[in-house]
Amino acid sequence: YDDLEKGAFARLLDGPNGSFDFFNIDGSSVTFTVEFYDENNGRNVAAYEWEVLFIDRANSGANTTSLVPLKDFDSSSFGTSPDGLPSLTITFTFNEVLSVLGFTRDDINGGDQFEFQGTVVKTNGKRYSSTNTGVNVVSSAPFSGFFQFRQNIVCPSDLGGEYSVYTTYDQHDFLPDFPEN
């Protein structure tokens, strides 16, 4: 057991919260909180690095990008979780994501996405991401390993209220008891 390689992961405690609002780029952000686990109660985690790519869903992928570095957090920026483990709350603003990709509002559309990919780096230089971490750590509730997420660009609207609808369709095969008016 002592000779086995010991990994590390960030456990999602809260989030991601927020949105990337197409009509409010300056006021949009996404925030989440993680705590770090390893064989030394998270103290062997040296950094948490994030990259981002753009997924062009409006133009059949024509402007989809590769991953680019977004933000790195070293252990000096970690706090302490309620469980006594190193923790970190991260906020990515819509503006900073566009900036690292070299984009402006003209380059995006509602419904497009960003994919964020995180990597935990240990003090021994070993790196752990979604590509080399087991599915149990990433997908099962006890672990909640947080290595990646997607964030849509939303176009909020206010469609509240009542609407009248009229149809001339007279076939009701799907609801045979539907009254005709």
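## Strand pairing around β6

G79 stands opposite S87 in β6. These residues belong to a predicted model, in which local features require pLDDT of at least 70 and side-chain atom pairs count only at pLDDT 80 or more, whereas totals for chains, interfaces and linings use all residues. Residues are numbered from 1 along each chain as its sequence is written, and side-chain values use heavy atoms, with hydrogens and water left out.

Strand β5, residues 79-80, pairs with β6 in the antiparallel sense over 2 bridges; two strands are taken to pair if DSSP finds at least two bridges between them. β5 and β6 form a hairpin with 5 residues between them, and G84 in the turn has a positive phi of about 85°. β6 also pairs with β2, again in the antiparallel sense, over 7 bridges. T31 stands opposite T91 in β6.

## Overall architecture

The secondary structure of the protein chain comprises 2 helices and 9 strands, where helices (H or I, at least four residues) and strands (E, at least two) are DSSP runs numbered from the N terminus. Read along the sequence, the elements follow the pattern β-β-β-β-β-β-α-β-β-α-β.

Of the 181 residues in the protein chain, 35% are buried. Buried means under 20% relative accessible area, exposed over 50%, and partly exposed in between, with a 1.4 Å probe and protein chains only. The protein chain exposes about 10900 Å², of which carbon and sulfur atoms supply 47%; accessible areas come from the Shrake-Rupley method with a 1.4 Å probe, and for residues only the protein chains shown count as cover. Among contacts (heavy atoms within 4.5 Å) between residues at least 6 apart in sequence, 68% join residues at least 24 apart.

## The largest nonpolar core

In soluble globular proteins, nonpolar side chains tend to be buried together. A nonpolar core is defined here as a set of buried Ala, Val, Leu, Ile, Met, Phe, Trp, Tyr and Cys residues joined through side-chain atoms within 4.5 Å. The largest such core has 36 residues, and those with the most contacts inside it are Y48, W50, F92, F114 and F116. Two or more residues each are given to this core by β1 (9-21), β2 (29-37), β3 (45-55), β4 (68-74), β6 (86-93), α1 (94-101), β7 (113-122) and β9 (148-154). The largest share, 5 residues, comes from β3.

The surroundings of F92 can be listed in detail. Leaving aside its neighbours within four places in sequence, F92 is in contact with F20, S29, V30, F32, W50, L70, K71, F73, V97, F116 and F149.

## Aromatic pairs and a charge over a ring

Rings of Phe, Tyr and Trp (its six-membered ring) pair if their centres lie within 6.5 Å; planes under 30 degrees apart count as stacked, over 60 as edge-to-face and the rest as tilted. By this rule the count comes to 21 aromatic pairs. The rings of F20 and F94 are stacked, because their centres lie 4.6 Å apart and their planes are at 10°. F20 lies in strand β1 and F94 in helix α1, so this pair ties together parts that are 74 residues apart in sequence. F20 counts as buried at 0% relative accessibility, and F94 counts as buried at 0%.

The pair formed by F54 and F114 is tilted, because the ring centres are 5.6 Å apart and the planes are at 55°. With F54 in strand β3 and F114 in strand β7, the pair ties together parts that are 60 residues apart in sequence. F54 has a relative accessibility of 0% and counts as buried; F114, at 0%, also counts as buried.

The charged end of R105 sits over the ring of F22, 4.3 Å from its centre. A charge is assigned to this position if NZ of Lys or CZ of Arg is within 6 Å of the ring centre and within 35 degrees of the ring normal.

## Backbone exceptions and loops

Most residues other than glycine have a negative phi, and most peptide bonds are trans. A cis peptide bond joins G15 and P16, with omega of about -5°; P16 is found in strand β1. N41 has a positive phi of about 55° although it is not a glycine. N41 lies in the loop between β2 and β3 and is partly exposed, with a relative accessible area of 44%.

G27 is found in the loop between β1 and β2 and, at 53% relative accessibility, counts as exposed. The C-alpha atoms of G27 and N95 are separated by 8.7 Å, although these residues are 68 residues apart along the chain.
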